[in-house]
Amino acid sequence: SSLRTNNHQNKKKLSGRIDRRSGLILTIPLCTEQTSMEELSSTLDYLLGIPSDKCKARGFTVIVDGRKSQWNIVKTVVLMLQNVIPAEVSLVCVVKPDEFWDKKVTHFCFWKEKDRLGFEVILVSANKLTRYIEPCQLTDEFGGSLVYDHIDWVNKRLVFEKFTKESTSLLDELVVINDSEKSSQLDKERPPDCNFLPSLDPETVLQTGHELLSELQQRRFNGAEGGGVAWSPMDDELLAQPQVMKLLDSLREQYTKYQEVCRQRSKRSQLEDIQTKVMQVVNWLEGPGTEQLRTQWGIGDSIRASQALQQKHEEIESQHSEWFAVYVELNQQIAALLSAGDEEDLVELKGFQQQLSDVCYRQASQLESRQNVLQSAHEFHGTAQDLSQQLDGLLGMLCADVAPADGAAIQQTLKHLEEKLKSVEGALVGLREKGQVLMDQMSNQTSWSYGKDVPIDNKDNVDHIQGVMEDMQLRKQRCEDMVDVRRLKMLQMVQLFKCEEDASQAVEWLGELLDALLKTHIRLGDDSQETKVLLEKHKKFVDVAQSTYDYGRQLLQATVVLCQSLRCSTRSSGDTLPRLNRVWKQFTVTTEERVHRLEMACSFHTAAEKVLVQASPDQGDLPVEVEQETYEEVETVGKALLDRLTVPVIFPDGSEQYFGSPGDMASSAEHIRDKMKLVEDRKLTLHEEDEEEEDIEQLQGEEEGNKKKLKALTGMNSEIDYFP
């Protein structure tokens with residue numbers, strides 16, 4: 001407490017560094033407040049008692065920091081040093097403030113009093129203190145580079161002194177306890193003093209010592225990460241290490257002996273308790289415990305009866321469990337004492353252990369056997385009850401009328417019925433297995449009476465089990481027969497709904513084919529070859545529709561047959577069949593119109609191509625004269641086709657429907673008109689060429705006549721020349 005209060009407030013410290021003469025440095029900071037000389041003297045005595053004699057022989061350099069104090073206080077402190085540490089002080093450096101004390105006040109000359117004081121005193125400014133002490137040995141408050149944490153040093157010193165005090169006291173107590181136990185072992189008649197315990201926890205003291213030793217031994221680097229100056233342990237810390245190690249060694253030695261003393265005490269106490277408890281367990285298990293089990297052998301005739309028997313058995317087990325818990329504890333204690341290896345106790349302990357184990361294992365075996373029988377009986381009755389309920393539910397389903405809404409509902413009902421039957425079969429198999437297990441367990445069940453195994457008569461129980469299984473088998477067989485009949489009827493209903501559903505699907509497919517025919521089958525081809533390809537594709541398209549229609553008719557016929565078999569009215573004649581016929585008639589009318597248009601387009605393209613190919617001189621041959629009928633055919637068929645494109649398809653019910661959109665029809669008509677115009681242009685071109693050829697022939701004839709006339713005239717001129 002004095003160290004924490006005085007040294008922490010005044011920060012008088014041994015920084016662990018040395019002066020130029022290898023002496024230790026003692027710093028005494030003074031403040032403006034009144035300084036207690038008594039506390040200062042006590043603190044100095046404490047600090048001077050820490051270093052070793054060898055260190056103190058080298059002397060001290062005392063730094064009295066008077067920068068924040070008055071001159072008379074500084075003088076009092078310096079004079080006090082001759083009474084506290086005159087022999088050890090080599091030099092006293094009084095750090096003066098920047099504004100020096102009045103010379104009248106400081107007329108006292110320390111250097112003249114050196115002989116009386118016993119040490120040299122100098123007045124120095126803080127920045128000139130390095131003349132006497134190296135900067136690396138001074139802390140930062142005096143302009144040095146030494147890293148020193150005074151709070152850390154105080155805390156560490158407090159831990160060291162606390163450990164020293166506690167470990168010394170604990171050692172004394174442990175020595176007394178160990179010596180007392182040793183004396184009691186030599187004198188068998190004197191009972192040991194078992195109540196004497198150490199006042200401190202040895203484990204805690206040892207842990208404190210190890211932590212302190214680790215702290216003293218490690219080299220810490222304050223501020224090393226930030227580039228600070230390294231700090232090493234002080235001399236007092238190095239001196240404290242062997243003291244701590246010695247105390248730890250002594251403490252471990254005495255604590256080991258104390259642990260052995262405690263073990264011996266515990267073993268003696270356990271042995272006495274074991275001898276008493278073993279006889280209590282054996283006497284109860286061979287007496288009241290055996291009598292309780294001898295009167296409980298039934299299995300009950302229902303799940304409620306078996307539960308009552310189980311509850312009774314649980315009460316018996318609860319009473320036994322208390323004694324079995326004692327047995328387990330005793331067995332562990334005996335095993336621990338046997339492992340200790342004391343020869344004088346081995347024979348007796350093994351005898352108790354064997355007797356206790358035989359009785360407990362025999363009683364536990366009978367309890368387990370009885371518990372297994374009751375558990376199997378409970379499972380058997382529970383399975384029988386569940387099976388009976390399942391059979392009742394299945395019979396209720398079979399007796400109820402079946403009126404499903406659609407095929408999916410029938411499938412779900414049939415699936416549910418099959419699952420019920422499968423569950424019943426599984427439950428019956430489980431009932432047989434559990435019944436056989438129960439009978440096997442009862443056949444092996446015996447009772448311990450007067451040291452002998454006595455068989456138990458379980459004939460009534462076996463007859464009850466077999467009767468339950470036979471009754472369940474008969475009920476299950478009746479339900480199976482009814483399920484077969486119901487399954488056949490429901491499968492026929494599934495087929496009926498499936499046929500109706502597929503017939504409706506066929507109607508939808510035909511409708512989709514009709515819709516596709518009207519909306520997408522609108523091209524007439526750009527030439528005769530493409531038109532013929534479209535005709536072939538249309539025939540295949542019609543074949544698919546015909547197959548769909550035939551498939552729908554077959555399904556509706558099957559529906560009629562199934563309805564007659566199930567004795568119910570047909571479900572398709574009122575709706576599906578008329579819709580199928582109506583869609584098919586619409587499709588037939590539409591496909592006939594499509595075929596007619598494609599055939600007209602094929603005739604048109606064939607005639608047009610005949611005109612364009614025969615009248616074209618690009619083929620390498622001379623143009624072939626095209627008959628007038630061909631031109632007329634192109635014009636007639638083209639106009640008829642254009643008129644046909646504007647006419648809608650008229651269904652039997654009087655409704656109308658156009659192929660494609662108006663834009664699609666306009667595009668097809670425009671293509672036909674372009675081709676008709678191309679043929680007309682070709683016709684005009686050929687007519688003009690024919691007229692030109694006639695003119696050319698006429699001119700050629702006239703030229704030929706002129707040539708003949710010229711030739712004749714030329715002959716006449718020759719004759720004239722001949723007769724001059």
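Which helix holds Leu 517? Leu 517 sits in helix 12, residues 459-519. Helices here are DSSP runs of H or I with at least four residues, strands are runs of E with at least two, and both are numbered from the N terminus. The model is predicted: local features need pLDDT of at least 70, side-chain atom pairs count only at pLDDT 80 or more, and totals for chains, interfaces and linings use all residues. Residues are numbered from 1 along each chain as its sequence is written, and side-chain values use heavy atoms, with hydrogens and water left out.

Start with the whole chain. The protein chain has 16 helices and nine strands. Of its 724 residues, 38% are buried. Buried means under 20% relative accessible area, exposed means over 50%, and partly exposed lies in between, with a 1.4 Å probe and protein chains only. Contacts also say something about the fold. A contact means heavy atoms within 4.5 Å. Take the contacts between residues at least 6 apart in sequence: 81% of them join residues at least 24 apart.

Now return to Leu 517. Its relative accessibility is 0%, so Leu 517 counts as buried. Setting aside neighbours within four places in sequence, Leu 517 contacts His 538, Phe 541, Phe 587, Thr 590, Thr 591, Arg 594 and Phe 659.

How is helix 12 placed against helix 13? Two packed helices are described by the angle between their axes and the distance between the axes. Axes are lines fitted to C-alpha atoms, for helices over the stretch in contact, and angles run from 0 to 180 degrees between N-to-C directions. Helix 13 covers residues 528-566. The axes of helix 12 and helix 13 come within 8 Å and cross at roughly 155 degrees. Helix 12 is therefore roughly antiparallel to helix 13. The classes are these: under 35 degrees is roughly parallel, over 145 roughly antiparallel, 65 to 115 roughly perpendicular, and the rest oblique. The crossing of helix 12 with helix 13 is left-handed. Left-handed means that the near helix is turned anticlockwise from the far one by less than a right angle; clockwise gives right-handed. The contact between helix 12 and helix 13 has 20 nonpolar, seven polar and three charged residues. Ala, Val, Leu, Ile, Met, Phe, Trp, Tyr, Cys and Pro count as nonpolar, Asp, Glu, Lys and Arg as charged, and the others, Gly among them, as polar.

Next comes Leu 598, in helix 14, residues 576-614. With a relative accessible area of 0%, Leu 598 is buried. Beyond neighbours within four places in sequence, Leu 598 is in contact with Arg 523, Leu 524, Thr 531, Leu 534, Leu 535 and His 538. Thr 531 is 67 residues from Leu 598 in sequence, yet their C-alpha atoms lie 6.5 Å apart.

The axes of helix 2 (residues 37-48) and helix 4 (residues 71-84) come within 11 Å and cross at roughly 45 degrees. Helix 2 and helix 4 are therefore oblique to each other. Their crossing is right-handed. From helix 2 come Met 37, Leu 40, Ser 41, Leu 44, Asp 45 and Leu 48; from helix 4 come Thr 76, Val 77, Met 80, Leu 81 and Val 84. By class, this contact has eight nonpolar, two polar and one charged residues. Ser 41 touches Met 80 and Val 84, residues up to four places away in sequence not counted. Ser 41 and Val 84 are 43 residues apart along the chain, with 6.9 Å between their C-alpha atoms.

Ser 306 is in helix 9, residues 303-340. At 0% relative accessibility, Ser 306 is buried. Leaving out residues up to four places away, Ser 306 touches Ile 299, Ala 377, His 378 and His 381. Glu 260 belongs to helix 8, residues 235-294. Its relative accessible area is 37%, so Glu 260 is partly exposed. Glu 260 and Asn 178 are 82 residues apart in sequence and 9.1 Å apart, C-alpha to C-alpha.

Last, the cysteines. A disulfide is a covalent bond between the sulfur atoms of two cysteines. Here the rule is a pair of cysteine sulfur atoms within 2.5 Å. The count is zero disulfides. Cys 136 is partly exposed at 42% relative accessibility. Cys 262 is partly exposed too, at 27%.
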